[in-house]
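Colleague: I am new to reading structures. Could you take me through this one, step by step?

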Amino acid sequence: MILLSAHGGGTGGVSRSSRAGMMAGDRLNEITAHARALLASGRGRELMLMPGWWYVISAESFVDRMTEMPDILELAPQVRCPVLYLRGDQEGADNYPAEAFQARAGGPCEVQIVPNCDHFYVGREAAVIERVTAWLARTLPGAG
């Protein structure tokens, strides 16, 4: 399994992302109340702009992210296959918990932090490709 900048998920994921300035940013309580009000009025598919996110989200999707998203750290012990967890050095370990996942993983897990790299791997695409293909070659040597 290859995890590229995989966020931690779980019921605290939106809160963690917002504290880091993403998703709802410093307006989490306001946006959560608005989303829940839209749901209660039958308008859950209405789109909302998020101050710290790069696209819109529906009210029902926003609430779903807060209540239903799996927690990858809780699931880590069940993952027994080899894992490469890759993250850019400009991404916080609180939101992208590579090392914590590795400590809990039920099988081998290699963590690689790409230097000078943001969440979108801008300008670092070749480094990411090189790391992923090298890991695949080591992990699946007979796969070609």
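Modeller: What follows is a set of questions and answers on this predicted model.

Colleague: Which residues of helix H3 are buried, and what do they pack against?

Modeller: Helix H3 covers residues 59-67. Its buried residues are Ala 59, Phe 62, Val 63 and Met 66. They span an arc of only 95° around the axis, so they sit on the same side of H3. These buried residues pack against helix H1 (13-19), helix H2 (28-40), strand S2 (47-48) and strand S3 (57-58).

Colleague: Arg 16 is buried. Why does Arg 16 have no salt bridge?

Modeller: A salt bridge needs a side-chain nitrogen of Lys or Arg within 4 Å of a carboxyl oxygen of Asp or Glu. For Arg 16, the nearest side chain of opposite charge is Asp 94. The distance to Asp 94 is 4.7 Å.

Colleague: Which backbone oxygen lies 2.6 Å from a polar atom of the Arg 16 side chain?

Modeller: Arg 16 is in helix H1. Leaving out residues up to four places away in sequence, Arg 16 touches Gly 8, Gly 9, Asp 94 and Asn 95. The backbone oxygen at 2.6 Å belongs to Gly 9.

Colleague: Where does Pro 51 lie, and how far is Pro 51 from Met 22 in space?

Modeller: Pro 51 is in the loop between S2 and S3. Not counting residues up to four places away in sequence, Pro 51 touches Met 23, Ala 24, Gly 25, Arg 27 and Ile 31. Pro 51 and Met 22 are 29 residues apart in sequence. In space, C-alpha to C-alpha, they are 7.5 Å apart.

Colleague: Is Pro 51 buried or partly exposed?

Modeller: Buried means under 20% relative accessible area, and exposed means over 50%. Pro 51 has 48% relative accessibility, so Pro 51 counts as partly exposed.

Colleague: Which elements does the pair of Tyr 85 and Phe 101 link?

Modeller: Tyr 85 and Phe 101 form a tilted pair, 5.8 Å centre to centre. The pair links distant parts of the chain, 16 residues apart. Tyr 85 is buried at 0% relative accessible area, and Phe 101 is buried at 3%. The elements are strand S4 for Tyr 85 and helix H5 for Phe 101.

Colleague: Which residues do ring pairs link into a cluster?

Modeller: Trp 53 is buried, at 13% relative accessibility. Trp 54 is partly exposed, at 47%. The cluster joins Trp 53, Trp 54, Tyr 55 and Phe 120.

Note on methods. Residues numbered from 1 in each chain as written. Predicted model: local features only at pLDDT ≥ 70, side-chain atom pairs only at ≥ 80, totals over all residues. Heavy atoms only, no water. Buried < 20%, exposed > 50% of the residue type's maximum accessible area, 1.4 Å probe, protein only. Helix = DSSP H or I, 4+ residues; strand = E, 2+ residues; numbered from the N terminus. Arc of directions from axis to C-beta. Contact = heavy atoms within 4.5 Å. Lys, Arg positive; Asp, Glu negative; His and termini not counted. Polar contact = N/O pair within 3.5 Å; in protein donor to acceptor, adjacent residues only side chain to side chain. Phe/Tyr/Trp six-rings, centres within 6.5 Å; stacked < 30°, edge-to-face > 60°.
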